[in-house]
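Here are a few friendly notes to read alongside the model. Please have the coordinates open as you go.

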Amino acid sequence: MLTTLTGARDEPRSLVDQAFLQLQDRLIFLDIPPGSPINEGRLSQELQVGRTPLREALKRLESDHLVVTYPRRGTFATTVDITALSEISQVREVLEPLAARLAAERRGGGSRALLEELQEKLRSRGDDRLDRDEALRWDIRVHRAVYAAAGNAHLQATLDRYSNLATRIWCVVADRIPQLHEHIAVHSALLAAVLDGDPERAAAVMADHVRDFETQIRQVL
């Protein structure tokens, strides 16, 4: 199930961080529909956080282009701009392999235990296929772990932002992508390269992975 794929041993987080991370994923995976208004009162109850940390979280989400605030109208989930795919991919094709290379040079660094955990969960599934939702969440979970393993906070923050925007586009068209499972299967090679300390292989696998992402989306647009 999804919880077994995405679970991790996270450090305690502030209420702002908790609200930010929960809202971020709801926006990324379109659980909050693009263009819909953000109801602060309802979200405050659902997330069990006060209005102040919630509003701080929304400010951070606005800087990541996941929500937008209009004077006298309120805050809304941003629409998904599929036309931005090319520009997003240009950035990711350069920075994602760099992150994989750095992560491999450090053999996972402080994120090694998490990478090993993800690798083992992937192995334990064997030939079991992931459903659409699991596959999408598994993909971003692995990418986030590699970004953290790179040991560069600025690179991590940049890639988190662009990966989130790319995933929103993917969510729009995922039901039309027949090779979704094959796209996810490459994570086994990626994790192995990082944990084995093979920077060249890690960068190459990630570069192919990102290019394949764009190709698959363009085939169904």
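1. Buried here means under 20% relative accessible area, exposed over 50%, and partly exposed in between (1.4 Å probe, protein chains only). This is a predicted model, where local features need pLDDT of at least 70, side-chain atom pairs count only at pLDDT 80 or more, and totals for chains, interfaces and linings use all residues. Residues are numbered from 1 along each chain as its sequence is written, and side-chain values use heavy atoms, with hydrogens and water left out.

2. Helices are DSSP runs (H or I, at least four residues), numbered from the N terminus. In helix 5, the buried residues are Leu-85, Ile-88, Ser-89, Arg-92, Glu-96, Pro-97, Ala-99, Ala-100, Ala-103 and Ala-104. Their cover includes helix 7 (132-149), helix 8 (153-173), helix 10 (187-196) and helix 11 (199-220), with contact meaning heavy atoms within 4.5 Å.

3. After helix 5 comes Arg-107, with a positive phi near 50°.

4. Do look at the aromatic pairs: rings of Phe, Tyr and Trp (its six-membered ring) with centres within 6.5 Å, called stacked when the planes are under 30 degrees apart, edge-to-face over 60 and tilted otherwise. The count is two. One of them, Trp-170 with Phe-213, is edge-to-face, at 5.6 Å centre to centre and 85° between the planes. This pair joins distant parts of the chain, helix 8 and helix 11, 43 residues apart. Both Trp-170 and Phe-213 are buried.

Conventions
Helix = DSSP H or I, 4+ residues; strand = E, 2+ residues; numbered from the N terminus.
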